[in-house]
Amino acid sequence: MKKVLIITYYWPPSGGAGVQRWLKFVKYFRDFGWEPIVYTPLNGEFPVIDLSLEKDIPSGIKVIKHPIWEPYSFYKKFTGQKKSSKINHGFLSENKKPKFSEKISVWLRGNFFIPDARVFWVKPSIKFLTKYLTENPVDAIVSSGPPHSMHLIANNLKQKFHVKWIADFRDPWTEIDFYKDLMLSNWADKKHRKLEHEILTNADEVVVIGNTMAEGFKNIVNREYQVITNGYDESDIAINKVLDEKFSLAHIGTINKDRNPESLWIVLQEKIQNTVFASKLEIKLIGKVDYQVIQQIEQYKLTDYLNKVDYIPHEEVIKQQQSSFILLLLLNNTPNAKGILTGKFFEYLAAKRPILAIGPTDGDVAKILNETDAGRISDFNDTQSLSNNIDYYFNQFLSKTKESKTPNISQYSRRELTKEFSKILNK
């Protein structure tokens with residue numbers, strides 16, 4: 001088979017959203033004539049651990065691991081955290097308002113660790129992989145970001161070995177929602193943008209997860225971008241599913257402050273005045289939740305209806321998605337909201353449960369929801385539309401309507417998406 005080297009920070013035992021995309025591509029690459037070789041850190045600072053994902057790694061796949069040094073030990077000491085503490089992504093704070101020391105740390109991260117805190121892995125990786133590729137040539141290289149330091153490694157190897165390189169972006173770079181929170185100096189901002197421009201220019205192909213992201217990158221470097229969305233894995237779908245007895249509104253995954261749906265809390269506070277609705281309601285939040293979100297749930301007197309569950313293995317996540325009556329899809333209320341297409345969204349589609357989304361009604365999520373008839377979306381501040389949508393689904397609940405319709409989703413299966421990615425590699 002042809003060989004492809006995949007440079008990715010996130011790989012099992014890492015859990016969370018970042019690992020899913022490339023774990024699933026690797027799972028199916030052999031079906032389309034490509035033998036994947038994975039390069040990943042030996043000792044990465046992962047926000048969550050999920051050993052259940054290791055079952056998706058195909059037998060005999062070569063996984064090369066190399067030690068990484070990251071500045072998080074200094075960060076934890078500086079901010080008074082324990083060595084065993086996990087670092088959350090996206091400026092999420094679970095237990096408190098950010099300390100002043102954390103704000104200083106954010107400034108240091110944005111201005112001195114460019115493009116990210118994994119930048120110290122770039123030079124050692126180039127040295128290590130130069131030796132490896134000299135002895136073990138490959139037909140192509142793929143880098144997965146963020147962290148975008150992975151692209152810097154691949155860019156150097158392309159120049160050295162004249163091998164074809166695909167840069168795969170799961171999220172934007174300078175257009176990502178928290179870029180504005182990095183408190184960048186003019187110098188640091190220019191450095192980020194220079195590196196971004198270099199990667200977008202030098203890669204033989206650039207793959208992104210949605211059309212809006214492609215348009216955003218096109219404004220930076222005007223070239224062709226390949227769109228391959230995230231997806232769902234058919235082998236993850238449970239055969240037997242038992243639906244919750246309550247009218248459960250379930251969000252699975254992280255809710256940071258930008259994803260906090262205040263309009264939902266406002267609507268639900270009004271609806272619990274109805275005793276029938278109140279007796280049936282369950283707000284199910286599975287995953288990490290920002291301190292501000294919990295505060296607002298208390299403020300709107302919804303704590304009694306809250307069922308908060310910490311991180312659970314992915315196989316349990318799938319079961320929760322399929323047993324919940326409504327699946328909440330909350331998009332970040334940020335300038336790039338139209339282009340947000342998480343892997344979770346496609347798993348929601350496969351769960352065949354109604355999706356209640358809050359975000360731009362003219363964005364990528366809204367387009368797919370309309371195409372698949374899998375759910376309803378309300379804009380961030382449109383409480384009237386949201387109230388109507390909840391009423392619609394609550395009436396379904398009372399009439400014991402169990403399944404939502406999700407036609408035309410086969411193109412989002414992980415196997416089908418791997419086939420499309422393989423076509424780019426073949427070209």
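Student: Why is Phe380 called buried?

Tutor: The model is predicted: local features require pLDDT of at least 70, side-chain atom pairs count only at pLDDT 80 or more, and totals for chains, interfaces and linings use all residues. Residues are numbered from 1 along each chain as its sequence is written, and side-chain values use heavy atoms, with hydrogens and water left out. Buried means under 20% relative accessible area, exposed over 50%, and partly exposed in between, for a 1.4 Å probe and protein chains only. Phe380 has a relative accessible area of 14%, so Phe380 is buried.

Student: Where is Phe380 placed, and which residues is it in contact with, leaving aside neighbours within four places in sequence?

Tutor: Phe380 belongs to the loop between strand E13 (375–378) and H14. Helices (H or I, at least four residues) and strands (E, at least two) are DSSP runs numbered from the N terminus. Contact requires heavy atoms within 4.5 Å. With neighbours within four places set aside, the contacts of Phe380 are Ser263, Leu331, Asn332, Asn333, Ala337, Ile358, Gly359 and Pro360.

Student: What makes helix H12 (residues 343–351) largely enclosed by the rest of the structure?

Tutor: Nine of the nine residues of H12 are buried, so the helix is largely enclosed. Among them are Lys344 and Glu347 as well as Phe345 and Phe346. The buried residues of H12 pack against elements including helix H1 (17–29), strand E8 (247–252) and helix H13 (364–372). Lys352, which follows H12, has a positive phi near 55°.

Student: Why are H4 and H5 called oblique to each other?

Tutor: Helix H4 (residues 122–135) and helix H5 (residues 149–161) pack at an angle of about 40°, with their axes 10 Å apart. Axes are lines fitted to C-alpha atoms, for helices over the stretch in contact, and angles run from 0 to 180 degrees between N-to-C directions. Angles under 35 degrees count as roughly parallel, over 145 as roughly antiparallel, 65 to 115 as roughly perpendicular, and the rest as oblique. The angle of about 40° falls in the remaining range, and H4 and H5 are therefore oblique.

Student: Which residues of H4 and H5 meet?

Tutor: Val122, Ser125, Ile126, Leu129, Thr130, Leu133 and Thr134 of H4 meet Ser149, Leu152, Ile153, Asn156, Leu157, Lys160 and Phe161 of H5. By class, this contact has eight nonpolar, five polar and one charged residues. Here Ala, Val, Leu, Ile, Met, Phe, Trp, Tyr, Cys and Pro count as nonpolar, Asp, Glu, Lys and Arg as charged, and the others, Gly among them, as polar.

Student: What makes H8 and H14 oblique to each other?

Tutor: The axes of helix H8 (residues 262–271) and helix H14 (residues 383–398) come within 10 Å and cross at roughly 55°. By the angle criterion already given, H8 and H14 are therefore oblique.

Student: How do you know that Lys301 counts as exposed?

Tutor: The relative accessibility of Lys301 is 60%, which is over the 50% limit, so Lys301 counts as exposed. Lys301 is found in the loop between helix H10 (291–299) and strand E10 (306–309), and its phi is positive, near 60°.

Student: Why is Asp373 called exposed?

Tutor: Asp373 has a relative accessible area of 51%, over the 50% limit, so Asp373 is exposed. Asp373 lies in the loop between H13 and E13, and its phi is positive, about 55°, although Asp373 is not a glycine. Most residues other than glycine have a negative phi.
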